[in-house]
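Have the sequence and the coordinates open side by side.

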Amino acid sequence: DVDGIHYVGQLEIGNDDAHPPVTPAGAIALMEEYGVELGGKRVVVIGRSPIVGSPLAHMCRQKGAAVTVLHSKVPEATAKAYVENADVVLCCAGEPGLIPAEWISKDAAV
């Protein structure tokens with residue numbers, strides 16, 4: 001489907017030819033362009049939508065990242081602990097200000 005809404009489901013059933021949604025694919029392309037390596041990195045994806053957050057998390061896993069998905073229902077202390085220790089922070093939540101800048105390591109790719 002054109003929006004990629006079934007992308008994750010297609011991967012789960014072994015269809016490696018599924019077409020990814022364009023926004024997560026664009027995020028992966030940007031990281032590749034800027035030399036952000038995902039293999040072996042702690043990646044935090046903020047947002048769990050079926051069109052952006054969930055597919056992006058899967059794509060990062062395919063690149064060898066250890067992925068944690070956070071969302072607005074995760075307790076603040078838990079979210080802070082994950083974000084502070086992340087090598088890469090990918091925010092795709094529809095809630096502005098969900099993650100304060102001071103939580104993000106100066107060495108993290110955002």
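Ala109 is found in the segment after strand 3. Helices (H or I, at least four residues) and strands (E, at least two) are DSSP runs, numbered from the N terminus. At 23% relative accessibility, Ala109 counts as partly exposed, because buried means under 20% relative accessible area, exposed over 50%, and partly exposed in between (1.4 Å probe, protein chains only). Ala109 touches Val36, Asp87, Val88 and Val89, not counting residues up to four places away in sequence. Contact here means heavy atoms within 4.5 Å. Thr78 lies 31 residues from Ala109 along the chain, and their C-alpha atoms are separated by 20 Å.

A word on the model. It is predicted: local features need pLDDT of at least 70, side-chain atom pairs count only at pLDDT 80 or more, and totals for chains, interfaces and linings use all residues. Residues are numbered from 1 along each chain as its sequence is written, and side-chain values use heavy atoms, with hydrogens and water left out. pLDDT is the predictor's confidence in each residue, from 0 to 100. The chain averages 89, and 91% of the residues score at least 70. Confidence is lowest in helix 1 (residues 7-12), at a mean of 68. Strand 1 has the highest, at 98. Where pLDDT is low, the predicted coordinates should not be read in detail.

Now the sheet. How many strands form it, and in what order? There are 3 strands in an open sheet, ordered 2-1-3, with parallel pairing. Two strands pair if DSSP finds at least two bridges between them. Strand 2 and strand 3 stand at the edges with a single partner strand each, so one side of each is left without a neighbour in the sheet. From one strand to the next, the twist averages 20 degrees.

Strand 1 pairs with strand 2 (residues 66-70) over 5 bridges, in the parallel sense. Val45 has Val69 of strand 2 as its bridge partner. From strand 1 the chain crosses through helix 3 to strand 2, and this β-α-β crossover is right-handed: with the strands pointing away from the viewer, the path from the first strand over the helix to the second runs clockwise. Strand 1 also runs parallel to strand 3, joined by 4 bridges. There, Ile46 stands opposite Cys91. Strand 1 is mostly covered, with 4 of its 5 residues buried.

Turn to helix 3. Of its 10 residues, 7 are buried, so helix 3 is largely enclosed by the rest of the structure. The buried ones are Gly53, Pro55, Leu56, Ala57, His58, Met59 and Cys60. Gly64 follows helix 3 and has a positive phi, near 95 degrees.

Last, the cores. A nonpolar core is a set of buried Ala, Val, Leu, Ile, Met, Phe, Trp, Tyr and Cys residues joined through side-chain atoms within 4.5 Å. The largest has 13 residues, of which Ile28, Leu38, Val43, Cys60, Val67 and Leu90 touch the most other members. Helix 2 (22-33), strand 1 (42-46), helix 3 (53-62) and strand 3 (88-91) each supply at least two residues of this core. Helix 3 gives the largest share, 4 residues. A second, separate core has 10 residues, including Leu70, Ala79, Val83 and Ile99. Back in the chain, Leu38 touches Ile28, Met31, Val43, Cys60, Lys63, Gly64, Ala65 and Val88, not counting residues up to four places away in sequence.

How values were computed: Axes fitted to C-alpha atoms, helices over the stretch in contact; angles between N-to-C directions.
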